[in-house]
Amino acid sequence: MLLLLQTIVNGIVDGLAYSLMSSGLTLVFGIGRVINFAHGELFTLGAYIAIILVQNHFSYLFGSLISIILVGFVGVIIETLVIRRLRRLGASIWSPFLATLALLNILQSLYLIIFSPNPYILNNPFAYVPINIFSITISGQDLIILIVFLLSICLLNWFLKKTKYGIAMKAISQDREASLLMGINIENIYKLTWFLGAMLSALAGILLTPKSTVDPYIGRVALLKGLCVVIIGGLGSIEGAILGGIFLGLTESLASVYLLPTFKDVFGYLFVILILLLKPRGILGKSLRRG
Amino acid sequence: MRRFLLVLLLNLMVFLVLPSFAENIIKIGVIAPLTGSQAIIGTNVVNGIKSAVKRINDAGGINGSIVKLVIYDDRNIPDEGVAAARRLIYEDKVKVIIGSIGSSVTLAIQQLTMRENIFLVTPVSMSPALTQRGDKYFFRVTATAEMRQRGFVSFVVENLKPKTIAYLAVNDDLGRSEVEAAEKFYAELKGPTTIFKAFFDPSESNFISYLTKIKVLNPDVLFIVADSVKAATIVKQAKTLGIKTTILSSADAATAQFLQLAGDAAEGIYFPLDWSPDFTDKYSREFLNAYKEDYGTIPDTKFAVQGWEAMWIVAEAIKKAGGIDNPDKLRTAFLNLTWIGPRGTWKFKENGDPIGISTFVVIVKNGKFERVLTK
Amino acid sequence: MIILKGTKGKKSNVLLISFFIPLTLILPLFIKSSFFIHMLIMSFINAILAIGLNFILGFIGEKSLGHAAFYGLGAYTTAILSTKFNLSDWRSLLISLLVTAIGALIIGFPSLRLRGPYFSIVTLGFVLILQLFISNGGVLTGGPTGLPGVKRLEIYNPFNNNVIVLSTDISYYYLITISFWFCFLISILLVSSKIGRAWTAIRENLDLAESIGINSFKYKLIAFLTGAIMAGLAGSIYAHYFSFVSPKLFDTFVNINIVTMVIIGGEGTILGPVIGAFLITILPEILRFAEELRILIFGFILLITIIFAPKGIVGTITNILIHEKER
C-alpha cells in the first residue's frame with residue numbers, strides 16, 4: 001500500500017517535471033505553429049547560464065531569474081532572425097522544423113566547445129533534502145518545482161486571459177486571418193510567444209537540473225519527453241500539458257515498479273502511441289488547421 | 001557554390017595523392033569519441049595518450065623513430081568509427097590503431113582491422129566479444145568485467161555475507177558485462193540471490209522509480225554500474241529516499257569526480273579499485289606529474305591513465321618487434337612483454353585479454369577512498 | 001517532367017541517365033583510394049534511404065521521422081539470420097525485405113491515419129521503442145553493444161553451381177550502385193505514373209483529392225511501404241558490408257540525418273534526395289580538419305540552406321531555371 005502511494009507520488013512529481021518540459025513547446029506550437037526542436041537546447045541554456053551566475057556569487061534565485069529572461073531574449077532572436085524569415089518566404093510549414101533542428105546542432109556544439117563535456121551542477125541547498133510526509137518521501141527540489149510551476153501556470157493563465165497581449169495570443173492561435181483583420185500586430189505577438197516559450201523552456205532547465213547534472217546533451221531527453229507530453233495532452237494546450245505530463249509520469253512510474261523496470265521508457269512511448277490512436281488530438285488538443 | 005566545389009576538389013586530390021610517411025616516423029592512429037555523449041572519457045583517454053607520446057618522443061622515440069599520432073573523432077557512433085578507421089588505414093597508412101571507447105564502435109572497427117590485418121588496441125572497451133572472435137592482432141589494455149568482479153565478489157561474499165542483491169546498471173556494454181560477470185561469480189560462490197535487476201538508458205537521470213522499488217524490496221546489497229556522474233546522481237537520490245542498503249559500485253565510478261559530485265552520499269560505498277589519482281607509487285607519480293605538466297591539473301577520471309598505459313605498452317611492443325611492419329612480430333612482442341605501469345604489471349593472454357591486473361577493495365570514509373583490509 | 005536541371009521531356013532525361021549509369025559503374029577503375037570508394041558506398045546507401053523517405057516526406061508531404069526503423073530492421077534481420085542461422089544469401093535478403101515490409105505495415109496502419117506533427121511524432125515514437133527493444137534483446141540482438149561477425153553476402157552462381165562470396169569493397173560498391181539505380185528508376189516510374197499523380201494531389205489538398213475519389217490512405221501506404229522496403233534493402237547491404245550492426249542504427253540522429261538529406265536536396269523532387277545524400281555523407285568527412293567544430297559548421301550550413309534555399313538545392317535550381325525560361 002505504501003509502495004503504491006509512493007509510486008503514485010513519484011509519478012505525479014515526475015509528471016510535473018515532464019509538464020514543465022513541455023510547456024514551452026506547446027506554447028510556441030499553439031500560437032506560433034512551429035515545433036521548436038531547439039527547445040531542449042534552450043532548456044540546457046537556462047541551466048548553464050544559471051550555473052555561471054551562481055558561480056559568480058549570484059543566488060540561485062536571482063541567477064535563475066536573470067537566466068530565464070536572457071533565454072527569453074534568445075527565443076526572440078530565433079523568432080526574428082530565423083522563423084520570421086521562413087514565414088515571409090511562404091515556405092512550407094515544415095521549414096521551421098528543420099531550421100530549429102539546425103539550431104539544435106549549432107547550440108549543442110557551442111555548449112560542447114564552451115563548457116566541455118564535463119558535468120556541471122546547478123546547486124541549491126534544498127535540492128536533495130528529503131521531505132517526509134506520512135512516510136512518503138519527496139525531495140526538496142520536487143517541492144520547489146511544485147510551487148514554482150503552479151505559480152507560473154497561474155501567472156500564465158492570468159496573462160493569457162486578462163491582458164491585452166494574452167488575449168491577442170489566444171486570438172491568433174484560434175484564427176490567424178481574423179486576428180490580422182482585427183488589427184493585431186501579429187509580428188509582435190509571435191515575438192512575445194517565443195519570449196515566453198523560451199522562458200518556460202529555461203525555467204524547466206533551471207528547476208529540473210538540480211536533481212542531477214548538466215552537460216551539453218541533457219537537452220535531448222527534455223525534447224523527447226516534452227514531445228511525448230504534448231502528444232498526450234494536445235499540442236497548444238497548457239492544461240493538456242499538465243494532464244499529459246502527469247499521465248506520462250504515472251505510466252512510467254507504475255510500469256517500472258509493477259512491471260519491468262528496464263522497459264520504463266517503452267511503456268511511456270507505448271502510452272503515447274495509444275493516445276495517438278485513440279485520441280489523435282490529445283486529451284485536450286487543438287485541431288491542426290491549415291494556415 | 002564554385003568555391004565549395006573547389007575546396008571539395010582539393011580535398012579529394014589530397015586523398016588521392018597523399019604520400020606515404022617518411023622513414024623515421026611511426027604513425028599511430030587513434031579513434032575515440034571527442035564529441036558526443038562519451039566525450040569526457042574520450043578526451044581523457046586521448047590526453048593520456050598524448051602525454052605518453054610526448055614523453056616517448058622526448059626520450060628519443062621508439063628505436064630512434066618519432067611517434068606521430070593521427071587522431072579522429074568517432075562521436076561514439078560505429079559508422080563514424082569505421083570511417084575514421086578507413087581513413088587511417090587507406091589514407092594515412094597506419095598499421096596500429098588505438099581505439100575506441102564504446103564497445104560497439106570498437107567491434108565495428110574490428111571487423112575492418114581483422115580483414116586488413118591491422119593491429120587494434122583498445123584502452124577501454126569492455127565487451128567480451130572483442131576477444132572471442134579469434135582476432136590475432138587485437139589486444140585489450142584494460143581489465144575485463146570478469147577480472148574486476150572476481151576479487152570484489154569474493155570480498156563481498158566473505159565479508160558482507162549478503163543474502164539478497166539488487167542490480168541497477170546502465171544499459172551498455174559496461175553495465176551488461178559487469179552484471180553478467182557479477183552474477184556468474186555470485187552463483188559460483190553460492191552468494192546472494194538476485195531480487196531485482198534493471199538496466200537504464202544511458203541518458204537517464206531520474207532513478208527515483210527504480211530506487212523506490214529497491215527500497216521496498218530491501219536487498220542486503222545494491223550493486224550499481226554507471227559512470228562517475230550517473231553513479232553520483234543515483235546515490236544522492238538514494239540518500240534522499242532514505243535507502244540504507246549497503247551500496248557496491250563498479251570500478252568506473254571510483255574517481256575524485258564521483259566523490260566531489262556525490263558529497264556525503266558517497267559514505268560507506270564499496271568499490272573495486274584498480275587505480276586512483278591518490279596512488280603514490282613511482283609509476284603513478286610519473287604519470288600524474290606528466291599529466292599535470294601538460295594539462296595543468298591532475299586528471300579527475302581514471303580514463304587518462306588508461307590512455308597513458310595503452311600508448312606505453314604499444315610503444316614497448318613496437319620496440320621489441322623492431323617496427324610496425326610485421327603484425328605477427330608485433331603480436332609475439334605483445335605476448336612476451338611485461339610492463340609495469342600505474343595500474344600494475346601488464347601481461348597478455350593468447351586471446352588478447354590482459355592477465356590479472358590487481359584490484360583491491362576500497363570504501364569511502366570521510367570523503368576519501370580507504371583501502372579495506374581483508375582477512 | 002523535370003528530373004534533371006534544365007531538361008524537360010523524356011528523351012533528354014533518358015540520355016542523361018544512360019550517361020550516368022555507366023559512369024558510376026566504371027568509376028572504380030579510376031579511383032585508387034579505398035577511402036573514397038567507402039565514401040561512395042555510404043553515399044549510395046544514404047541515397048537509397050533518402051529516395052525511399054522522399055515518397056512519404058516529399059511527395060505525400062507527411063514528415064516521417066521513423067525511416068531509420070526500416071533501415072535498422074533490414075540490417076538487424078540480415079545480421080541475425082547470418083550470425084544465428086548461418087544464412088547469408090538471396091534468401092536472407094528476401095526475408096529481410098519481408099520483415100521490413102511487415103514492420104512498415106505494423107507502423108503504417110496506425111500512423112498513416114494521422115497527419116502533420118502527430119504523424120511525425122508517432123513515427124519517431126515507434127523508432128524509439130524499436131531501439132529500446134533491440135538494446136534489451138539479449139543474445140538474439142546482441143543487446144546494446146550490437147552484433148558483430150555478420151557474414152558476407154553470398155551469391156549463387158548458377159553457371160558453375162558455385163557460391164560467390166562478396167568480400168571486397170569494390171564488390172559492395174557494385175552491389176550498392178546497382179541497387180541504387182534500381183531504386184532510382186523505380187522512383188521515376190512511380191512518380192510519373194498514376195500513383196505519383198495521386199501523391200501530388202494528396203499533398204496539395206487532401207480533402208479535394210479525397211472528394212474526387214482518391215483513397216488517400218491507400219496511396220500513403222504505397223509511399224510508406226515502398227520507401228520502407230528500399231530502406232530495408234539499404235540496411236541489408238549495410239550489414240553485409242560493415243559486418244556489424246548496433247542499436248545506434250535506430251538513433252534519432254540517423255533519422256534526422258536522412259530527413260535532412262531529403263530536404264536539403266529538395267523534397268518532392270527525384271534528384272533532390274540523391275544530391276542531398278551525397279552532400280550530407282561527404283561534408284562531415286571534409287570538415288574533419290576542424291574536428292570539434294564539425295557539427296557546428298554542419299548546423300550552420302544547414303541553417304543557411306534552409307533560410308536561403310528552403311526548397312532544397314534541386315528545388316531552388318529548378319525554380320531559378322523555370323523563372324529564367326519564363327522571362
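The model is predicted, and local features need pLDDT of at least 70, side-chain atom pairs count only at pLDDT 80 or more, while totals for chains, interfaces and linings use all residues. Residues are numbered from 1 along each chain as its sequence is written, and chains are lettered from A and ligands numbered from 1 in the order in which they are written.

**Exercise 1.** Describe how domain 1 of chain C touches domain 2 of chain C.

*Solution.* Begin with the bounds, which come from an automatic or database domain assignment: domain 1 of chain C covers 66-250 and domain 2 covers 253-327. Next, ten residues of domain 1 of chain C are in contact with four residues of domain 2 of chain C, contact being C-beta atoms, placed from the backbone, within 7 Å. On the domain 1 side, H7(C) gives the most, with three residues (helices are DSSP runs of H or I, at least four residues, numbered from the N terminus).

**Exercise 2.** Determine how helix H2 (residues 34-60) of chain C and helix H11 (residues 252-265) of chain C are oriented to each other.

*Solution.* Take the angle first: H2 and H11 of chain C pack at about 75°, with axes 9 Å apart, where axes are lines fitted to C-alpha atoms over the stretch in contact and angles run from 0 to 180 degrees between N-to-C directions. H2(C) and H11(C) are therefore roughly perpendicular, a word that applies from 65 to 115 degrees. Finally, look at the residues that make the contact, among them C:Leu53 of H2(C) and C:Val262 of H11(C).

How values were computed:
Contact = placed C-beta atoms within 7 Å. Helix = DSSP H or I, 4+ residues; strand = E, 2+ residues; numbered from the N terminus. Parallel < 35°, antiparallel > 145°, perpendicular 65-115°, else oblique.
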